[in-house]
Amino acid sequence: MADDSIAVVDLDRCQPDRCSYECANFCPPNRTGKECIVTRGDYYEEDEPYDGGPDQIRISEEVCLGETCGICVEKCPFDAIEIINLPTELQDDPVHRYGENSFALYGLPVPESGSVTGILGPNGIGKTTAVRALAGEMVPNLGNHDEEASWEAVLDRFRGTELQNYVERVRGDDVTIARKPQYVDQIPKQFDGVTRDLLDSTDERGALDDYVERLNIAPVMDQPLDTLSGGELQRVALAATLARDRDFYFLDEISPYLDIGQRVTAARLIQELAEDEDRAVLVVEHDLAILDLLADTLHVAYGEPGAYGVITDPKSVRNGINEYLKGYLSNENMRIRPNEITFQEHAPRETTKGASLIDYPDLSKSYGDGEFSLDVEGGTIFQSEVLGIVGPNGIGKSTLAKMFAGSLAPDEGELDFHLDIAYKPQYIEIDQPMRVDAFLASITDDFGSSYWKTEVANPLQLEQIMERNLDDLSGGERQRVAIAACLSEDADLYVMDEPSAHLDVEQRVQATSAIRRYAENHDATVMVIDHDIYMIDLLADRLMVFDGEPADHGHAAKPQEMRAGMNDFLADLDITFRRDERTQRPRINKPGSQLDSQQKRDGEYYYAP
C-alpha cells in the first residue's frame, strides 16, 4: 500500500465467529501466497501483546493494494474494514495512532493564552485525542504505535512551530487543565452530593459567586445533583470548570440543553476568562452561531470518523465556518464534503398553509400552588408543516409537548383531536440491552425496506450502529436512533424535543433533511422544540414562541410566521442576527455594535429584510 493509505479494522464489528473470513479468502495478495489479511493470533507471538482477539483479522498495510482494490471492504458482512486513501496534502506522519489498523490523528490545535480556540468537525474525528495530548494525559506516538513514545520526539516534531513552546511546557509538567465533559448527565454518577458541594470544591479563583449568579444556578445550589435537569447540569458543569485556577481549559460542547440566552451568557463568561485572566481555552462546539460568537481562531477537523482525523492550521472563525459549510478548505486545497450546506432558500421560508390538522383552544396547566404554570393561546397547526417551538428553558415547552402527546392532561381546555402522535422526549433514557436493529424493527414493519433506508436510516447514518446494543451507544448515537424511532411510527403528528442535542454539524443537517423530507413526502406534521437557530432556520415553516418567567410561569403564543415569531423571540433575549454575506448563514451581532443597534431600532431582530 502507498504511504498515503491506511487500513482500519473496527474490532467492535469484526465478528470472526459469524463469518467465513471472506475478506482473507478473496484478498488478491492472499491468493498469491502473500500474508496480507491474517488472524491476529497467527501473526503475533504467543507472549506478544496486541489489540483485539486472536481470531480477529490483521491487515498488512505494506502488502495491501489499497483503496483501488477494496475487495475486503465489499466482502466483509459486518462493514468492519475501511481502506482509505489519505489526502495527498498530508506531508507528515500521524501525530498519534492507537495501534495497527486503528484510528490515526494528524495535526494538533494550538492553544493560546488570552484567547478562545475553537474546533469544528464531526464526532469521532480525534478532537478528544488531541485534547488528551495537549493536556499531557498521553504522549503522542507520532504514528509509531509499536515503540515507546517520548516527549523529546514530540518536541523535535513541532520544533519551530507555534506548538513548540506549549509542548515544552507539557513535557515539563507545567500545564494544568480543567475539563468540562461532553455528556453532563454522567456527573451525578461520578459525584455524590448537592450542587453546592461540587461547586465549592472547584472555587479556586474566587469567581464562583459571579458564575452562580450569571448562570442562574442559585435555585439549585442545595439540590442533589441527580435531581437536576440537563440544562441545570450543563450550567453547573460550566461553572465548576471555569472556577478552577488552571492554565488550559477544555470545554466539550457547551450548548446542549441550554437555551439561546444561556448559550450567549456562557460564551461571554468563557471569553472573559480567556481575555481578562489570560488563560488558554479550547472549545468543541456544534452550534455554529455560538462558535462564531465565542472563538477567536478556529481549527477545522475533517477525515473519516473512527478511521482518521486531520486538524487544520488555525483559521479566522468566519472563514473557517464558511469553508466548512462550503465543504472545501482553500488553504489545504481539500474537499471535505461533496455538497455545500446552504441557507439562501430558507430565511424565512415561504409558508404555504395546507388543511388544518389541529384547531386547539386556550389551554392552561398548573403543577400546584406555588409551582410552575403554563397558559397557551389557542391556534391552528396545519398538515405537512414543520412548526418550530422556541423559548427559554423551564418555560413550558416540554409541558406543551406532553399535553399534545397525551401523556399530560391540561387543567383548562380540552385536547380531543384523536390523533396518532409520535413523541421523542428531550432526555433519552435507555435501560435495556436491546440491539438497535431489533428495537427499530419492533416499531415499524417497514424496517429494512429500501424506502425506510432511504427516508430514515441513511440520512441518520444508522447503518454502522445497527448491531450495537442501545445501552452501549453514545449520546449522539442515541439521539439519532430516537429520531429514527419517532419517524418510523405511523402517526399524524410527530413531536420532537431538542433533536439537535449531541449531534455534530453534519448530523444536524442530515437530521434536518430527514425530518423536513419526511414531513413533505408523507403529508405529516412535525413540531420541533430546539435551541439551535441554524436548525430552526433550516427546518421550520412557522414558529410558536414561549415567554414568561422560567420555572414560575410560561406563556405560549399562537403559531405565527417565521419573521414575526423570531422578532418576538429575539427581542425578548435582546439579541439580533444578521446573515453572512457569503453563505447567508445566521450570525449573532456583537452586542452594542452599529448593526445590532440599527436592527433594534428598526425592530428587525431576525435579519434585516
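Colleague: Which residues does Gln-56 touch, not counting residues up to four places away in sequence?

Modeller: Gln-56 touches Leu-11, Cys-14, Pro-16, Val-38, Thr-39 and Arg-40. Bear in mind that this is a predicted model.

Colleague: What makes these count as contacts?

Modeller: Contact means heavy atoms within 4.5 Å.

Colleague: Where is Gln-56 found?

Modeller: Gln-56 sits in the loop between α3 (40-43) and β3 (57-59).

Colleague: Why is Gln-56 called buried?

Modeller: Its relative accessibility is 11%. Buried means under 20%, so Gln-56 counts as buried.

Colleague: What does the side chain of Gln-56 reach?

Modeller: The backbone oxygen of Leu-11, at 2.8 Å. The cut-off for a polar contact is 3.5 Å between N or O atoms. Leu-11 is also on the list of residues that Gln-56 touches.

Colleague: Is Glu-253 buried or exposed, and why?

Modeller: Buried. The cut-off is under 20%, and Glu-253 has a relative accessible area of 1%, so the term applies.

Colleague: Why is Gln-584 called partly exposed?

Modeller: Its relative accessible area is 25%. Buried needs under 20% and exposed needs over 50%. Gln-584 falls in between, so it is partly exposed. Gln-584 also has a positive phi, near 70°. Its place is the loop between β27 (577-579) and β28 (586-588).

Colleague: On to the second largest pocket. What is its volume?

Modeller: About 1,100 Å³. It is lined by 40 residues. Closest to its centre are Arg-235, Asn-393, Gly-394, Ile-395 and Pro-550.

Colleague: What makes a residue part of the lining?

Modeller: A lining residue has an atom within 4 Å of a pocket point.

Colleague: Which helix gives the most to the lining of the second largest pocket?

Modeller: α15, with four residues. At least two residues come from each of α11 (230-242), α12 (260-277) and α15 (397-405).

Colleague: Which domains does this lining draw on?

Modeller: Domain 2 (190-244) and domain 3 (363-560) each supply at least three residues to the lining of the second largest pocket.

Colleague: How many residues of each class are in that lining?

Modeller: The lining has 17 nonpolar, 15 polar and eight charged residues. Arg-235 is among the residues closest to the centre, and Arg counts as charged.

Technical notes: Residues are numbered from 1 along each chain as its sequence is written. This is a predicted model: local features need pLDDT of at least 70, side-chain atom pairs count only at pLDDT 80 or more; totals for chains, interfaces and linings use all residues. Side-chain values use heavy atoms; hydrogens and water are left out. Buried means under 20% relative accessible area, exposed over 50%, partly exposed in between (1.4 Å probe, protein chains only). A polar contact is a pair of N or O atoms within 3.5 Å; within protein, one must be able to donate a hydrogen and the other to accept it, and residues adjacent in sequence count only if both atoms are side-chain atoms. On a 1 Å grid over the protein atoms alone, a cavity is a set of points where a 1.4 Å probe fits but cannot get out, and a pocket is an open set with protein on both sides within 12 Å along at least five of seven lines; lining residues have an atom within 4 Å of a point. Grid points are joined across faces, edges and corners, and a volume is the space filled by probe spheres set on the points. Domain bounds come from an automatic or database domain assignment.
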